Amino acid sequence: MLLRVGEAMGITDVFVIATGRSRLHIQSVAAELKHLLRDKGRDRVGEEGLAEAEWVLLDYGDFVIHIFSPDHRRYYGLEGLWGDAPRIPWTAPSPQTASELQSA
């Protein structure tokens, strides 16, 4: 989920909110995002929670990525807390199968 929080918050423009299935999954998603964004020349301003991997925060200045465990996402409820923030339409790309990745 993408929330446009810039007008209400002033220190960042967008929250990216995601859920991981396990501690390892959350850490892997965070690592992949850091790798992809570094390759695109984006510098990270801050990072929190990677060791515990229940709520990982990756701060890139104009956007902040939150990766939650399911329980922490329900507990903190950022979507409700920022319920007035406009949502940014986004559709996840189709996942590739292993055979599609090997043939690429």
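Two strands are said to pair if DSSP finds at least two bridges between them. Helices (H or I, at least four residues) and strands (E, at least two) are DSSP runs, numbered from the N terminus.

**Basis of the report**

The structure is a predicted model, in which local features need pLDDT of at least 70 and side-chain atom pairs count only at pLDDT 80 or more, whereas totals for chains, interfaces and linings use all residues. Residues are numbered from 1 along each chain as its sequence is written, and side-chain values use heavy atoms, with hydrogens and water left out.

**Overall architecture**

The protein contains five helices and five strands. Along the sequence, these follow the pattern β-α-β-α-β-β-β-α-α-α. The C-alpha trace spans about 45 × 30 × 25 Å along its principal axes. Of the 104 residues, 28% are buried (under 20% relative accessible area, with exposed meaning over 50% and partly exposed in between, for a 1.4 Å probe and protein chains only). A contact is defined as heavy atoms within 4.5 Å. Among contacts with a separation of 6 or more, 52% are between residues 24 or more positions apart.

**The sheet**

Strands of a sheet pair through backbone hydrogen bonds, either parallel or antiparallel. Here, five strands form an open sheet in the order 1-2-5-4-3, with mixed pairing. Strand 1 (2-4) and strand 3 (46-48) stand at the edges with a single partner strand each, so one side of each has no neighbour in the sheet. On average, neighbouring strands are turned by 15 degrees against each other, direction ignored. Angles run from 0 to 180 degrees between N-to-C directions, and axes are lines fitted to C-alpha atoms, for helices over the stretch in contact.

Two of the pairings are set out below.

| Strands | Direction | Bridges |
|---|---|---|
| Strand 1 and strand 2 | antiparallel | three |
| Strand 2 (residues 14-19) and strand 5 (residues 63-68) | parallel | six |

Individual residues illustrate these pairings. Leu3 has Phe15 in strand 2 as its bridge partner. In strand 5, Ile67 stands opposite Ala18, and Phe68 stands opposite Thr19.

**Helix 2 and Lys34**

Helix 2 (residues 23-39) lies across strand 2, strand 3, strand 4 (55-59) and strand 5, and runs at about 160 degrees to strand 5. Lys34 lies in this helix. With a relative accessible area of 15%, Lys34 is buried. Leaving aside residues up to four places away in sequence, Lys34 touches Arg44, Glu47, Leu50, Leu58 and Tyr60. Between Lys34 and Tyr75, the separation is 41 residues in sequence and 25 Å in space, C-alpha to C-alpha.

**The largest pocket**

A pocket is an open set of points on a 1 Å grid over the protein atoms alone, with protein on both sides within 12 Å along at least five of seven lines; lining residues have an atom within 4 Å of a point. The largest pocket holds about 650 Å³ of space. Its lining comprises 20 residues, of which Val16, Val29, Leu33, Trp90 and Pro93 are the closest to its centre. Strand 2, helix 2 and strand 5 are the elements that give two or more residues to this lining. Helix 2 gives the most, with five residues.

Note on methods
On a 1 Å grid over the protein atoms alone, a cavity is a set of points where a 1.4 Å probe fits but cannot get out, and a pocket is an open set with protein on both sides within 12 Å along at least five of seven lines; lining residues have an atom within 4 Å of a point. Grid points are joined across faces, edges and corners, and a volume is the space filled by probe spheres set on the points.
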